[in-house]
Amino acid sequence: MSSKKKGREEAASDSQVVAEIRESANQIWLAGLGAFARAREEGMKTFDALVKEGEAVQNRAKKAADNQIEEVRAKATGTWEKLEKVFEDRVERALHSLSVPTSKDIDSLSRRVADLTKITKKLLDSIPASEKPSSSSAKKSTASAKTPETAA
């Protein structure tokens with residue numbers, strides 16, 4: 001009988017071990033489901049936080065790039081203006097050495113011609129009509145003065 005008793009004790013002990021293993025496996029399964037749920041929940045929060053951080057980094061990088069671009073643009077503009085000035089000076093010297101009048105010279109001459117035209121018009125208006133040369137006789141006298149055959 002002792003062997004039967006021993007066999008029952010072992011069977012009870014085996015079923016208890018199996019029950020403990022099942023319980024342990026069930027707890028491991030539940031722990032895994034809980035970890036998955038938490039990772040999913042926390043993962044979305046972490047993902048959203050990473051997106052926000054990425055946007056902030058992108059904005060800072062864009063501002064830094066814009067600042068660099070503005071600095072380069074300012075330097076390039078200054079250099080370009082210096083280059084234009086050097087070019088204009090050289091062209092001006094070349095035109096001056098060829099005695100080409102500048103726009104200032106032409107403007108000055110235009111003003112002088114306009115002034116002389118006004119003065120001539122005033123003088124012509126002040127001469128009495130009887131003393132004014134007619135346009136046909138003025139043309140004849142200038143034509144005869146030009147040809148030496150009529151003078152001889």
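Arg73 is partly exposed, its relative accessible area being 48%. In this predicted model, the side chain of Arg73 forms a salt bridge with Glu70, with 3.6 Å between the closest N and O atoms. Glu70 is likewise assigned as partly exposed, at 45% relative accessibility. Arg73 and Glu70 are 3 residues apart in helix 1, and about one helical turn therefore separates them. An α-helix has 3.6 residues a turn, so residues three or four places apart point the same way.

Asp66 is partly exposed, with a relative accessible area of 36%, whereas Lys62 is exposed at 51%, the limit for exposed being over 50%.

Lys45 and Glu41 also join their side chains in a salt bridge, at 4.0 Å from N to O. Both Lys45 and Glu41 belong to helix 1, which comprises residues 2-97, and they lie 4 residues apart, about one turn of the helix. Glu41 has a relative accessibility of 48% and counts as partly exposed.

Helix 2 spans residues 103-126 and contains 24 residues. From the first C-alpha of helix 2 to its last, the reach is 35 Å, close to the 34 Å expected at 1.5 Å a residue. The number of buried residues among the 24 of helix 2 is 0, so this helix lies largely in the open.

Conventions. Residues are numbered from 1 along each chain as its sequence is written. This is a predicted model: local features need pLDDT of at least 70, side-chain atom pairs count only at pLDDT 80 or more; totals for chains, interfaces and linings use all residues. Side-chain values use heavy atoms; hydrogens and water are left out. Helices (H or I, at least four residues) and strands (E, at least two) are DSSP runs, numbered from the N terminus. The expected span of a helix is 1.5 Å times one less than its number of residues. Buried means under 20% relative accessible area, exposed over 50%, partly exposed in between (1.4 Å probe, protein chains only).
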